[in-house]
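Subject: Structure handover

Hello,

Here is the structure for your files.

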Amino acid sequence: MTPAGLMVFCSLLTRTLCVIAPQLPDFKIGDKKVITGPFWHEVFTETYEDQDEDISTTTLEPLPFFEDDISTNNVTAQLGSRVHLHCRVHDLGEKTISWVRRRGEDLHLLSFGTHTYSADSRYSLAFEHPNDWRLLIQYVNERDEGFYECQISTHPPLVRRVHLTVVVPKVEIIDERGRPLQDKFYKEGSIIELRCIVSEVPQPTRQVNWKHGARLLNYDTKRGGVSVKTEATSNGALSRLYIANANRNDSGNYTCSLADVAASAVSVHVLRGENPLAMQRGGAASLSFPLTALFIALVS
């Protein structure tokens, strides 16, 4: 290029820069902008960042949650039995599980983590792999009925509330008409037959025991002729006791019981020569006689 041509090129370049320069924006630390001036449009993009700034990302841990649905929030247990209150937790992480007993506004700590803090030895934490933080209550009694809470140590705490209902079984020795018995008369040589109804039990049962005094009859082989037949019903059991060839030694108190929870007793009388039906009628007559005499005395 000739000297004259070079001077012309430099002059044009200087004019161009003078036109463009006023359109350049001011950049600050951390800005990210696109220059949109004439000629530079869609051509120049640049990022100005502070290289000393520490950019870090935080990974959030998943929140714990309860596996059990609302249908398991009500638990029924029989008096004297043992019961588990379940609390299955997913994604527990570093959080801790605790069980508390709620009485109105009062909370009583029963367990924290794997440790039991209740003064009542019937309560304990019975963890079951992989995630069931079960509260075990043994020898359930009526005072155990109420609300229990499984809590996760989040902020605020996550709470699963369980209500325990304690059922007290009903045991009755009944006659042929289904009426409760207190005394039963049999003739010597006849068959003693007693019926026992167990009801209000959460699950059908066959654990019904018969005793004559303190002697257990369910597996008695000493006397002979004794049999017990028990069948489960929808809410309990029906049990029958048979004793063949009754004699005077078979008289006494007979007890039908459901474990050590509930029982019913009847007094059996084995008679020699007397008519059992006459004895029962005689007893009824003796009760009605004073009332008749009193009525006659009042009329006269």
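Strands here are DSSP runs (E, at least two residues), numbered from the N terminus, and two strands pair if DSSP finds at least two bridges between them. The model is predicted: local features need pLDDT of at least 70, side-chain atom pairs count only at pLDDT 80 or more, and totals for chains, interfaces and linings use all residues. Residues are numbered from 1 along each chain as its sequence is written, and side-chain values use heavy atoms, without hydrogens and water.

Sheet one. Four strands make an open sheet in the order S14-S16-S20-S19, with antiparallel pairing. Its edge strands are S14 (170-174) and S19 (226-233), each pairing on one side only. S19 pairs with S20 (residues 236-243) in the antiparallel sense over eight bridges, and Val 228 stands opposite Leu 241 in S20.

Sheet two. This open sheet has five strands, ordered S15-S22-S21-S17-S18, and its pairing is mixed. S15 (183-187) and S18 (215-216) each have a single partner strand, so one side of each has no neighbour in the sheet. S15 and S22 (residues 262-271) pair in the parallel sense over five bridges; Asp 183 stands opposite Ser 267 in S22.

Pocket. A pocket is an open set of points on a 1 Å grid over the protein atoms alone, where a 1.4 Å probe fits, with protein on both sides within 12 Å along at least five of seven lines; lining residues have an atom within 4 Å of a point. The largest pocket is lined by 18 residues, with Gln 78, Ser 81, Val 201, Pro 202 and Gln 203 nearest its centre. Strand S4 (residues 74-78) gives the largest share of that lining, three residues.

Regards
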